[in-house]
Structures are given as structure tokens and as C-alpha cells.
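Please look through the sequence and the structure shown here before reading on. The briefing that follows takes up a strand, an annotated site and the surroundings of a ligand.

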Amino acid sequence: MDEFALIRMLNGPRGHGGGKRSPDDSGVTVGIGDDAAVLRPGSGTELVVSCDTMVDGVHFKPETMTFADIGYKAMASNLSDLAAMGARPRWALVALAAPRSLPADKLQGLYDGLYACAEKYATAIVGGDTTSSPSGLVVTVTVIGEVKQGRALLRSAAQPGDAVFVTGPLGGSAAGLRAMLERREAAGPLELLPERLRPLARAHRLPEPRIQAGQLLAAVEPRQCGALNDISDGLASEAWEIAEASGVTLILHGERIPLMDELREYAAAVQADPLEFALYGGEDYELVGTVRPDYRAELERMFEQAGLRLWFVGEVAAAGEDGTDPAIGVTLIRSEGGVPAPVGKRGYNHFA
Ligand SMILES: Nc1ncnc2c1ncn2[C@@H]1O[C@H](COP(=O)(O)OP(=O)(O)O)[C@@H](O)[C@H]1O
Ligand SMILES: Cc1ncc(C[n+]2csc(CCOP(=O)(O)OP(=O)(O)O)c2C)c(N)n1
Ligand SMILES: [Mg+2]
Ligand SMILES: [Mg+2]
Ligand SMILES: [Mg+2]
């Protein structure tokens, strides 16, 4: 099949989504098929743009992900960065570098996953690029969202006194990854995995970007909301990014960090500390953020009303206030009443 037939197959009417599946108010003047897409942003909005790549052997292996999972997660991990800015997703572009030997039905599976996630979060796929790859599969998604002018949520907005929250349990994805690699079986339907591993594998393979939570936070009275970040490299690494960008210290309470029961069970079975998965594992795609302390109860109420939840896991201190060195950074109080210990600035790092 030639390149153009492939693009038509993946995105056309015979594909598993096609440009036809755009959301109703897609704002697309020109979509797939010309030299570039032409898009109409809403008035009074600013564009929010980000891209992330998934690479064979780095982000997935046959044991860890099906092709549909790779597509879903490529879209979800990108939308997660829009969530972390408080943006509403609008459009996406997909750049694909695929080995010539990769069967078309595998690529079709990848596109099933991409379109499934894009549809779920009202995102129109408006273009991309298709090339051959001399080695493994590489998928890059670019996402474009919108936020009301001046309302984007930045890493630099944490203030001393803020409460630190996360939007969901952490560490499950990294435990799922480890468990699937240990099994050494090709990834198949989640239902075929032992029940205790399913939630962990799901967290790794089919993460959900916290779009609704991000938008809710961006809509809050602006002076009440602090920093926001999504957790791709692990809570420690993302908390460090907020600390450095804001010039503060984040104090985390180990016992308040939400963990799935299945993670606790898995960690006990492999004699590991479940908190290590949460702090340094990564790919949870939950949000970590801060809120002014007086607004905490109101934010909790707003989340509850929207059918969402927050977990308060710590507080922001002026740099050095807790007596630890270096002054700017992240500290952990393992159990209540204990003393804060520095948290290493480590997590997933492509070149470390
Ligand atoms: N090769 C690059 N060229 C230009 N900017 C880059 C490049 N790689 C990353 N960035 C930018 O660096 C910042 C941090 O990137 P990254 O750590 O990948 O963010 P995230 O973890 O949120 O995906 C972002 O603003 C991103 O756009
Ligand atoms: C086979 C395999 N090995 C290791 C990992 C773990 N892993 C790969 S990339 C990554 C971090 C997130 O990816 P990155 O490209 O750094 O995303 P970004 O921070 O730019 O959003 C993690 C934890 C994995 N997902 N699959
Ligand atoms: Mg990135
Ligand atoms: Mg991010
Ligand atoms: Mg990212």
C-alpha cells in the first residue's frame, strides 16, 4: 500500500474514525487533505499547544501494550498536558514513523486507539505526517487546546501556605509496567490478566487525562488557584518542577498519597515500597497542583459536585522554611509527626 492509500485508510471513511468523527463544534475550516489545517479558535481564548512522542522500546514493548493501547495512550498523554494547563482540548495532529514490515491491521489498531481517546475528549484529528522508519515505530501527537485569556495554570504559581493536591491514585502505572514485563507474555485483552493485576495494567495502558479537573481548576476564581502539573515522570519529579518554577518547597505526607489496594498488594509481593512507585515511577497522568488554603474546602465541594475527587497530600512552604537543604525542593514526611526528609529530584529521565 502506498503512503497516500495508507493515510486514506487510517483516516478516511473506511478507517475506524476518519475525519468524519470530529466533534460537532470542531472549528475546522480545512482538515486532513490539504497542505495544512485551518482552524478557528474561540474568541477571547488563547491557544495551548504541546507535543509528546512514544518510541518502540522506550514507551512500549510487545509485553506491555497492544497497538490500540499505544494509540490511546499517545493521545491521552498529550491531552494530559492540556489538562495540566487547564485547557479545553480542540485539535490534534498525528505524526507516524512506521516500519515498512508493520502490517496495516496493526496500524489500524493504533488508529482505533487514537480515535477512541480523541473522541472521548472531543478532540478533532486535523492532520499529521506519515513516514517509514528503518527501525521501530514512533508516534508523535501534537495537541492544540484553548483557555480563556490569562487563565492558563502555570507551574510557577505555587505560594507558601498553599495546600498540595493530586487527582487520583499514583504508582499503579509503574507497578503495572513492572508486572507485565515480569510475566513475559504478549499484551492482550486486559480481561485475560489475573484480576489483581488488571487495575495496574489498565493504569499503564489506558490512562485517562484529567481534562475535566483541569478545566474546573482553570475556571476557579483566579487568585485561589496555584500551580498545576501532570504526572508523567513521577510525583517527585513533577513536584520538583513546581518547587523550582515557583521558588518554594513542597512538603509531601507519605501516608496521604493515594495508592490503589492492588499496588499495595503487588509491592508487598515483590518486597518493594509502594510509595517508591508513586514518587518515582511515572506515567500516572494524574494532576498535581496547589490551592490557597482558605479555598481548599470550596474546591473540594466543587469537585464533589462535578463527580470528581481530590486528595490533599501536602503543603507549600517558603523555600528553606522546613530547615532542609537545598532550600528549594521537595520533602517527604513518611508518617505523621515525623521529620521531613529531602526527596531526590529523580523520576523517569530519558538521558540519565
Ligand atoms: N526538543 C525540544 N525543543 C523545544 N522545546 C522542547 C523540546 N523538548 C521539550 N521541550 C519543551 O520543554 C518543556 C518541558 O518538556 P517535557 O519535560 O517533555 O514536558 P512534559 O513532561 O510536560 O511533557 C516543554 O515546554 C516542552 O515544549
Ligand atoms: C517498555 C517500557 N519501559 C519503560 C517505560 C517507562 N517510561 C517510559 S517513558 C516514561 C516517562 C514518561 O514519558 P516522557 O516521554 O518523559 O513524557 P513527558 O514527561 O515528556 O510527558 C516512563 C516512566 C515504559 N513505559 N515502557
Ligand atoms: Mg513532554
Ligand atoms: Mg506535563
Ligand atoms: Mg507530557
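This is a predicted model: local features need pLDDT of at least 70, side-chain atom pairs count only at pLDDT 80 or more; totals for chains, interfaces and linings use all residues.

**Briefing on selected features**

Phe165 has Gly289 as its bridge partner in strand E10.

**Strand E7 and its partners**

- Strand E7, which covers residues 163-166, is joined by four bridges to strand E10 (residues 287-291), and these two strands run antiparallel.
- Four bridges also join E7 to strand E11, made up of residues 311-318, again in an antiparallel arrangement, and here Val166 is the residue that stands opposite Trp311.
- In a regular strand, side chains alternate between the two faces of the sheet.
- In E7, Ala163 and Phe165 lie on one side while Val164 and Val166 lie on the other, and all of these residues are buried, so that both faces of the strand are covered.

**The annotated binding site**

- An unreviewed UniProt entry places the feature "binding site" at Asp52 and Asp81.
- Although these residues span 30 residues in sequence, no two of their C-alpha atoms are more than 9.0 Å apart, and therefore they gather at one spot.
- Asp52 belongs to strand E3, which runs over residues 45-55, whereas Asp81 belongs to helix H2, which runs over residues 67-83.
- Is each of these residues buried or partly exposed? Asp52 counts as partly exposed because it has 19 C-beta neighbours inside 10 Å, while Asp81 counts as buried because it has 22 C-beta neighbours inside 10 Å, the cut-off for a buried residue being 20 or more.
- If neighbours within four places in sequence are left aside, Asp52 is in contact with Ser77, Asn78, Asp81 and Val141.
- With the corresponding sequence neighbours of Asp81 left aside, Asp81 is in contact with Ser50, Asp52 and Asp230.

- Which residues come nearest to ligand 2? Of the 13 residues around this ligand, they are Lys61, Ser232, Gly282, Glu283 and Tyr348.

Technical notes: Residues are numbered from 1 along each chain as its sequence is written. Chains are lettered from A and ligands numbered from 1 in the order in which they are written. A residue is buried if 20 or more other C-beta atoms lie within 10 Å of its own, exposed if 12 or fewer, and partly exposed in between; C-beta atoms are placed from the backbone. Two strands pair if DSSP finds at least two bridges between them. UniProt positions are given in the numbering used here, feature names are shortened, and annotations may be inferred rather than shown by experiment. Two residues are in contact if their C-beta atoms, placed from the backbone, lie within 7 Å. A residue is near a molecule or strand if its C-beta atom, placed from the backbone, lies within 6 Å of it.
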